[in-house]
Amino acid sequence: MKLKQLEYHLSSIEPFKNPKILLEQYVTPAHIAACMLHHIQSENEDITGKMVADLGCGAGCLTIGSALLDAAQVYGFEIDTEALEVFQENVEEFEVPQIETVQCDVRNIPSRFDKFFDTVIMNPPFGTKHNAGIDMEFLEVGVRLSKNAVYSLHKTSTRNHVIKHAKTLGREVEVVAELKYNLPATYKFHKKKSVDIEVDLIKILV
Ligand SMILES: C[S@@+](CC[C@H](N)C(=O)[O-])C[C@H]1O[C@@H](n2cnc3c(N)ncnc32)[C@H](O)[C@@H]1O
């Protein structure tokens, strides 16, 4: 599927109905999600025919996008039941059969999923809401679950920290794309209509 076509499909995904700031519930914009998934498939062939996990799947754009790119199976892991309700509605709209969901804290995913997936993808909470370090915990879980590669979005301003943390896990980080993430106002305290955030798409080989 072409990039524009993927972006078109993902732009119709319904967002969180009642976004929760403490869980950092921001939808990945369709353009960013499409670029991320298209890059992972076209440059690395890490989605089509693969077992994929999406950590913190929210309303489902990365999970559904992976299914549209013909992943063998995609598991979305998410802590919030309300988010999973919207996720299910979105999955029904797209009629993508190869999707499973697991409601849990990503940090407690059971060990039966260790090395169960070829590819782990995520747009994790960045750890800015009284949950410092959660982005690194998500990465660690990604490395545990994957037998090939982990792809994740991180604020460019935290690049050195991400690289250092990966080193402590004995892993190298490759910055595979630099993207500008246009975040529309989601919460009441957002005064501007939208803000631009620079993000890295990183890859960790497992
Ligand atoms: C930045 S949003 C990304 C949502 C979705 N993947 C997307 O790309 O639009 C982060 C997601 O992680 C979920 N989340 C936050 N903490 C979590 C945890 N400890 N375990 C599982 N999911 C969590 C949030 O509820 C939210 O859906």
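Tutor: Let us start with Ser 152, which lies in strand β5; strands here are DSSP runs of E with at least two residues, helices are runs of H or I with at least four, and both are numbered from the N terminus. This is a predicted model, in which local features need pLDDT of at least 70 and side-chain atom pairs count only at pLDDT 80 or more, while totals for chains, interfaces and linings use all residues. Residues are numbered from 1 along each chain as its sequence is written.

Student: Is Ser 152 buried or exposed, and why?

Tutor: Ser 152 counts as buried because it has 23 C-beta neighbours inside 10 Å; the cut-offs are 20 or more other C-beta atoms within 10 Å for buried, 12 or fewer for exposed, and partly exposed in between, with C-beta atoms placed from the backbone.

Student: And what does Ser 152 touch?

Tutor: Leaving out residues up to four places away in sequence, Ser 152 touches Met 122, Pro 124, Leu 139, Gly 142 and Ile 202, where contact means that C-beta atoms, placed from the backbone, lie within 7 Å.

Student: Which residues of α5 are buried?

Tutor: In α5 the buried residues are Ile 134, Asp 135, Met 136, Phe 138, Leu 139, Val 141, Gly 142 and Leu 145, and they pack against β1, β4 (117–122), β5 (146–155) and α6 (159–168).

Student: Switching topic, where is Cys 35?

Tutor: Cys 35 is in helix α2 (residues 30–44), and it is classed as partly exposed because 17 other C-beta atoms lie within 10 Å. Not counting residues up to four places away in sequence, Cys 35 touches Leu 3, Ala 177 and Leu 179.

Student: What about the ligand, which residues come nearest?

Tutor: There are 22 residues around the ligand, and Leu 23, Thr 28, Gly 56, Gly 58 and Ile 79 come nearest, a residue being near if its C-beta atom, placed from the backbone, lies within 6 Å. The helix α3 (61–68) and the strand β2 (73–78) each supply at least two residues of that shell.

Student: Last one: how far does the mean pLDDT of the protein go?

Tutor: The mean pLDDT, the predictor's confidence in each residue from 0 to 100, is 94, and 98% of the residues reach 70 or more.

Technical notes. Two residues are in contact if their C-beta atoms, placed from the backbone, lie within 7 Å.
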